[in-house]
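I am opening my notebook on a new structure today. Follow along with me, entry by entry, and keep the picture beside you.

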Amino acid sequence: MTKRVTQTHIPLGAPRWSGGFADRLLSPLASFKELASVVGHGELRTDIGDADQIPVHRDGLPSPTGTDALVTWVGHATYVVQIGGLTVLTDPVWSRKIPGVRQRLTPPGVAWSDLPPVDAVVISHNHYDHLDAPTVRRLPRDTAVLVPANLASWFTRRGFTNVVELDWWESAHVGDVRFDFVPARHWSRRGLFDTCRTLWGGWVLSWHDQRVFFAGDTGYGDHFTEIGRRHPGIDVALMPVGAYEPRWFMKNFHVDPAQAVQATLDVGARRMATMHWGTFVLSGEPLLEPVEEARREWTRRGLPPADLWDLAVGETRAIT
């Protein structure tokens, strides 16, 4: 039975969003000259000779036992989160190729045919590596879809009937699971003339005392501390660790691995699960460096090794 998404908290005086969200940018976007320079010098490409060393475990999707919540990394920013009796997809991308970059380096860690019925989808923002139209078309049109402000119409134009859009700090429920939309330091654009017309952010999924934080795409900032203050007791932070070089170009909108570890501590999460590496080539760092640097930073800080979930593509961990 389809689970309806219900919006449960709208702050008084919530904006109509007619003017877009350029005022939410905390750093200027790259100029055309800067973009041309970084592309022209090949700084957004890297050698893919180590692609065969990216670990892939394609063993199927396990089912939760008891009250366990499961997180399974499909690749890039796509996770299957099984929590509170729901199967939730984060930024689902099963396509072999997305616009503007070479085809994916590793296959999706879970075959589409191995997915149970999808109860809900959360979208962090509308960039092509996070909002993939061919994958979305594979979903039943009554799937519950939770999206940033001003993005609902993208789904309703495609026939989706169970969509809610949220501003930062707003929440909704699907079944017994609460979905809170939280800030990120990023931006949005899908075409030539829609820069920052839709919002961007992350999600906190809560069921009883289980909490999963999905950071989406983000630069480092004090929003992490505020997320942790408002949502204490996060069990695991699904954190991006890749797409950070060249640093001068990426630093405002993508954390590097050390910042990802710090952000995990800022939100008060016990564990960090890595993502946003090993799938699409979007930047200049070596393919394996993001997860290697995350491990080094985790060790440098003396954090428990078992609490770093440096997952292989397709690997699952349980929140018991």
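Where is the place of Pro-246? I found Pro-246 in the loop between strand 12 (236-240) and helix 5. Helices (H or I, at least four residues) and strands (E, at least two) are DSSP runs, numbered from the N terminus.

**Ground rules.** I am working with a predicted model, where local features need pLDDT of at least 70, side-chain atom pairs count only at pLDDT 80 or more, and totals for chains, interfaces and linings use all residues. Residues are numbered from 1 along each chain as its sequence is written, and side-chain values use heavy atoms, with hydrogens and water left out.

Next I checked phi angles. Trp-169 is not a glycine, yet its phi is positive, about 75°. I located Trp-169 in the loop between strand 7 and strand 8. Trp-169 is partly exposed because its relative accessibility is 21%; here buried means under 20% relative accessible area, exposed means over 50%, and partly exposed is in between (1.4 Å probe, protein chains only).

His-276 also has a positive phi, near 65°, and is a residue other than glycine. I see His-276 in the loop between strand 13 and helix 7. Is His-276 buried or exposed? With a relative accessible area of 3%, His-276 is buried.

**Entry: salt bridges.** How many salt bridges does a search of the whole structure find? I wrote down 12. The term stands for a side-chain nitrogen of Lys or Arg within 4 Å of a carboxyl oxygen of Asp or Glu.

I began with Asp-167 and Arg-24, whose closest N and O atoms are 3.1 Å apart. Why does this pair tie together separate parts of the chain? Asp-167 lies in the loop between strand 7 (163-166) and strand 8 (171-174), while Arg-24 lies in the loop between strand 1 (5-9) and helix 1 (32-40), so the pair joins parts that are 143 residues apart in sequence. Both Asp-167 and Arg-24 are buried.

Then I turned to Arg-270 and Asp-307, which form a salt bridge with 3.6 Å from N to O. This pair links distant parts of the chain, 37 residues apart: Arg-270 sits in the loop between helix 6 (257-266) and strand 13 (271-275), and Asp-307 in the loop between helix 7 (289-300) and strand 14 (308-309). I noted that Arg-270 is exposed, at a relative accessible area of 52%, whereas Asp-307 is buried, at 10%.

My next pair was Asp-310 and Arg-295, with 2.6 Å from N to O in their salt bridge. Asp-310 is in the loop between strand 14 and strand 15 (316-319), Arg-295 is in helix 7, and the two are 15 residues apart. Asp-310 is partly exposed, with a relative accessible area of 21%, and Arg-295 counts as partly exposed at 36%.

I also jotted down a network of salt bridges that links Glu-226, Arg-229 and Arg-230.

Entry: Which residues form a positive surface patch? My list reads Arg-137, Arg-141, Arg-157 and Arg-158. A patch is made of residues with over 30% relative accessible area and no salt bridge; like charges are joined within 9 Å, and nonpolar side chains (Val, Leu, Ile, Met, Phe, Trp, Tyr) within 5 Å. I picked out Arg-141, in the loop between helix 2 (133-136) and strand 6 (144-148). At 32% relative accessibility, Arg-141 is partly exposed.

For negative charge, I found a surface patch made by Asp-47, Asp-50, Asp-52 and Glu-292. Asp-47 belongs to the loop between helix 1 and strand 2 (69-75), and Asp-47 is exposed, with a relative accessible area of 63%.

**Entry: two last look-ups.** Asp-256 is in the loop between helix 5 (247-250) and helix 6. I marked Asp-256 as buried, at 17% relative accessibility. A polar atom of the Asp-256 side chain lies 2.8 Å from the backbone nitrogen of Gln-259.

Finally, I went to Glu-34 in helix 1. Glu-34 is partly exposed, with a relative accessible area of 34%. The C-alpha atoms of Glu-34 and Phe-249 are separated by 8.1 Å, though these residues are 215 residues apart along the chain.

Terms used: Accessible areas come from the Shrake-Rupley method with a 1.4 Å probe; for residues, only the protein chains shown count as cover. Lys and Arg count as positive and Asp and Glu as negative; His and the chain ends are not counted. The place of a charge is taken as NZ of Lys, CZ of Arg, CG of Asp or CD of Glu. A polar contact is a pair of N or O atoms within 3.5 Å; within protein, one must be able to donate a hydrogen and the other to accept it, and residues adjacent in sequence count only if both atoms are side-chain atoms.
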